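Subject: Structure handover

Dear colleague,

Here is the structure I said I would pass on.

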Amino acid sequence: MPELPEVETVCRQLEPELQGRKIEALEVLDARWCRPVSPRTLERAIAGTRIERLGRRGKYLLLALEGEHTLVMHLRMTGNLVLVEGERRLDPSEGMRLYEGERSASERYMRARFRLDDGRQLWFTDPRRFGEAFLIEDAKLEERFAKLGVEPLSDDFTPEALGEAAAGRTAPLKSFLLDQSRVAGVGNIYADEALFRARLHPLSPAGSMKPEHLGAIRDAVVAALEAGIERGGASIDDYRDGRGEKGAMQDEFLVHTREGEECPRCGGTIARIVVGGRSTYFCPGCQVRLRRKPKRRRSRS
């Protein structure tokens with residue numbers, strides 16, 4: 001599933017290309033993409049509107065439109081948002097390129113297509129068909145995302161904020177990081193990478209962290225996410241960036257998907273376990289498993 005670095009990569013690539021462009025038409029080719037709203041209703045609402053900006057909240061892409069409305073899109077497991085040059089194949093030197101084989105596959109899995117006023121098109125492709133979109137008034141955006149946790153690349157993401165969110169929680173650290181109501185945007189890949197960087201075992205109870213652990217996990221999450229953004233995201237399966245290209249983060253994983261390989265830090269062997277139904281990769285040799293904090297005894301009066 002595309003996580004924060006993949007969504008942020010798409011956002012940074014497409015925002016300067018889309019800002020100020022007019023959507024001549026929207027074609028919804030899969031009714032599941034915008035349900036319960038009908039495709040025709042959404043098409044009529046968006047056709048002719050101008051794009052003011054493209055943003056991100058957690059794993060959501062926010063296409064802000066004139067008229068104080070935003071089209072919110074979620075890529076889910078296999079969604080991609082790709083800018084292409086109309087109907088003709090792109091020359092590799094033009095920057096926005098979608099190779100012939102990938103283009104035919106993208107066309108087969110296209111769920112929605114935006115036709116822009118400069119002749120280009122924005123494709124939402126999704127083989128598994130779990131991606132979604134909905135139009136919302138800007139005034140209701142804050143309420144819609146009220147349950148999302150802190151943005152890990154914001155100034156609000158502090159060790160103190162993490163401590164408040166983790167206080168009293170017995171859930172494993174891996175599950176805590178995947179909880180979107182605690183930290184927005186972190187998924188399976190970058191949770192593994194962050195826990196390795198912080199030297200913390202994924203099964204450690206979230207509420208067992210001391211101040212030094214909170215600082216370490218905060219810095220590790222930021223470092224893992226920034227590494228993912230710098231390398232254009234991770235293309236393990238279907239992910240492509242806004243140009244139709246693969247990311248390179250999968251070649252730089254420290255532990256994720258590296259079961260049986262040598263730990264790059266201590267030389268131990270990377271292991272795989274399942275935490276909360278998700279494959280989890282870590283080094284048993286250098287990732288410390290914290291213990292649950294003992295409950296304070298009540299003083300006798």
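Zero disulfides turn up in a search of the whole structure. Please keep in mind that this is a predicted model. Cys 266 is in no disulfide, and its nearest cysteine sulfur belongs to Cys 283, 3.5 Å away. Cys 11, in contrast, counts as buried, because its relative accessibility is 8%.

The next item is Val 183. This residue sits in the loop that runs between helix H6 (173-178) and helix H7 (188-197). Its relative accessibility is 1%, so Val 183 counts as buried. Which residues does Val 183 touch, leaving aside those up to four places away in sequence? They are Gly 149, Val 150, Pro 152, Phe 157, Leu 162 and Leu 177. Val 221 lies 38 residues from Val 183 along the chain, and the C-alpha atoms of the two are 9.9 Å apart.

Last, the surface. A nonpolar patch there is formed by Met 1, Met 77 and Phe 130, which together have about 280 Å² of accessible area. Of these, Met 1 belongs to the segment before helix H1 (4-18). Met 1 counts as partly exposed because its relative accessibility is 48%, and the cut-off for exposed is over 50%.

Regards

Terms used. Residues are numbered from 1 along each chain as its sequence is written. This is a predicted model: local features need pLDDT of at least 70, side-chain atom pairs count only at pLDDT 80 or more; totals for chains, interfaces and linings use all residues. Side-chain values use heavy atoms; hydrogens and water are left out. Helices (H or I, at least four residues) and strands (E, at least two) are DSSP runs, numbered from the N terminus. Buried means under 20% relative accessible area, exposed over 50%, partly exposed in between (1.4 Å probe, protein chains only). Contact means heavy atoms within 4.5 Å. Patches are made of residues with over 30% relative accessible area and no salt bridge: like charges are joined within 9 Å, nonpolar side chains (Val, Leu, Ile, Met, Phe, Trp, Tyr) within 5 Å. Accessible areas come from the Shrake-Rupley method with a 1.4 Å probe; for residues, only the protein chains shown count as cover. A salt bridge is a side-chain nitrogen of Lys or Arg within 4 Å of a carboxyl oxygen of Asp or Glu. A disulfide is a pair of cysteine sulfur atoms within 2.5 Å.
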